[in-house]
Amino acid sequence: MLPDPPPRTLLVLGGGGAMGAYQAGAMLALARAGVLPDALFGCSAGGLNAAFLAVDPTVDRAEELRWWWLDRRTHSLLSASWFARARGVAGALTARRTGLLDDGPLRRLIGENVPAHDLCELAIPLTITTTCLDCAAARHHDRGALIDILAASCALPGLLPPVTLADGHLHVDGGVLCGVPLGAALAAAGPHDRVLVLDCGLAPVTSAPGGCAAYPVSPLVEEACGLSAVGGRSYVAPAESSRGALDVVLRAFTAARAVANLAHVTPGLSDPRVRVLPHVADAWAAGLLDVLPEGPRDFRLTGVLAEAGVSATERWMDGGGLDRTAVVTSVDGLATG
């Protein structure tokens, strides 16, 4: 018999807008500890982080990614000004555009930071998740035009235009249905592999009762995904203030996709190969964040988010997070970090 292949580390990176900075900090902490991925699975902002690291999965590259999130130029490209939105509305009304914003700046951002034409050209395997509008299903791409697929994975419906991919179908943000592509990672994982999940949503779909500060039924916890919580710090996901019709639509979309994402991710969380790392909520409950961002389009706190991602992940590893067998609850089969 042939020997079993050596165990691999598969890293799953969910979307979360500006919370991608927290995710980048967590990735840096893992890299510094020698935990580098053998394969990456990403969606939306997590897809950008995954593609950035897949070029060269090293500590130096992870450090560059953290600084990339701190760069104001990155913020301006990922969070459009009100002037750009107003101009986009005018363009949509007069030119029949399919998005309020031009995705050209996003495409240039990807091209400048990920020097590859096809997903399969990167140093390690990368799978990016999109939502196919024509077939109403999540699609996981491990080859194909890199910039097109990443632009599609980040194309928030209505805000950025859908992208026609090689299959001839229109694709948008993978977070519409599968913002944390855990299922795709488990389908590719071997029996001895470990699957690390970094869900950077402010209302994460990988939270679990009794062990995560973000779980809505029991907001007061003593242990927040492996971190010791500060007494009396209950967590409530920030609600973005609605300053116009577009913001109301985006908030409604965020609420709706959370339900779809939960349905996709829940079956995989009880798998013993899965380790869920601390969320933004857990970092806050543990006293590693003093202020929370208002929402996924609030880029004012990327510096403190990145530092919290580093600190939370270091504490989680120090507490045995990587070696711990995934905990299966008797309530609904979810696994904690």
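## Exercises on a predicted model

Helix 1 (residues 20–32) packs against helix 2 (residues 45–54) with the axes 9 Å apart and an angle of about 35°. This structure is a predicted model.

**Exercise 1.** Describe how helix 1 passes helix 2, and find which residues make the contact.

*Solution.* 
- Step 1. Start with two quantities. Packed helices are described by the angle between their axes and the distance between the axes.
- Step 2. Here the angle is about 35° and the distance is 9 Å.
- Step 3. List the residues. Helix 1 supplies Gly20, Gln23, Ala24 and Met27. Helix 2 supplies Ala45, Gly46, Asn49 and Leu53.
- Step 4. Sort them by class. The contact of helix 1 with helix 2 has four nonpolar and four polar residues, and no charged ones.

**Exercise 2.** Classify the crossing of helix 6 and helix 7, and count the residue classes in their contact.

*Solution.* 
- Step 1. Take the geometry. The axes of helix 6 and helix 7 (residues 146–153) come within 10 Å and cross at roughly 130°.
- Step 2. Apply the cut-offs. Angles over 145 degrees count as roughly antiparallel, and 65 to 115 as roughly perpendicular. The crossing angle is roughly 130°, so helix 6 is oblique to helix 7.
- Step 3. Name the residues. Helix 6 brings Leu106, Arg107, Ile110 and Gly111. Helix 7 brings Leu146, Ile147, Asp148, Leu150 and Ala151.
- Step 4. Count by class. The contact of helix 6 with helix 7 holds six nonpolar residues, one polar and two charged.

**Exercise 3.** Is Asn113 buried or exposed?

*Solution.* 
- Step 1. Locate Asn113. This residue lies in helix 6 (residues 104–113).
- Step 2. Read the relative accessible area of Asn113: 17%.
- Step 3. Compare. Buried means under 20%, so Asn113, at 17%, is buried.
- Step 4. Look at the surroundings. Leaving aside neighbours within four places in sequence, Asn113 contacts Phe52, Val55, Arg61 and Trp68.

**Exercise 4.** Check the span of helix 11 (residues 302–318).

*Solution.* 
- Step 1. Count the residues: helix 11 has 17.
- Step 2. At 1.5 Å a residue, helix 11 should span 24 Å.
- Step 3. Compare with the model. The end C-alpha atoms of helix 11 are 24 Å apart, so the values agree.
- Step 4. Look inside. The buried residues of helix 11 include Leu305, Val310, Trp316 and Met317.
- Step 5. Look past the end. Gly320 follows helix 11 and has a positive phi, near 90°.

Key: Residues are numbered from 1 along each chain as its sequence is written. This is a predicted model: local features need pLDDT of at least 70, side-chain atom pairs count only at pLDDT 80 or more; totals for chains, interfaces and linings use all residues. Side-chain values use heavy atoms; hydrogens and water are left out. Helices (H or I, at least four residues) and strands (E, at least two) are DSSP runs, numbered from the N terminus. Buried means under 20% relative accessible area, exposed over 50%, partly exposed in between (1.4 Å probe, protein chains only). Contact means heavy atoms within 4.5 Å. Axes are lines fitted to C-alpha atoms, for helices over the stretch in contact, and angles run from 0 to 180 degrees between N-to-C directions. A crossing is left-handed if the near helix is turned anticlockwise from the far one by less than a right angle, and right-handed if clockwise. Ala, Val, Leu, Ile, Met, Phe, Trp, Tyr, Cys and Pro count as nonpolar, Asp, Glu, Lys and Arg as charged, and the others, Gly among them, as polar. Angles under 35 degrees count as roughly parallel, over 145 as roughly antiparallel, 65 to 115 as roughly perpendicular and the rest as oblique. The expected span of a helix is 1.5 Å times one less than its number of residues.
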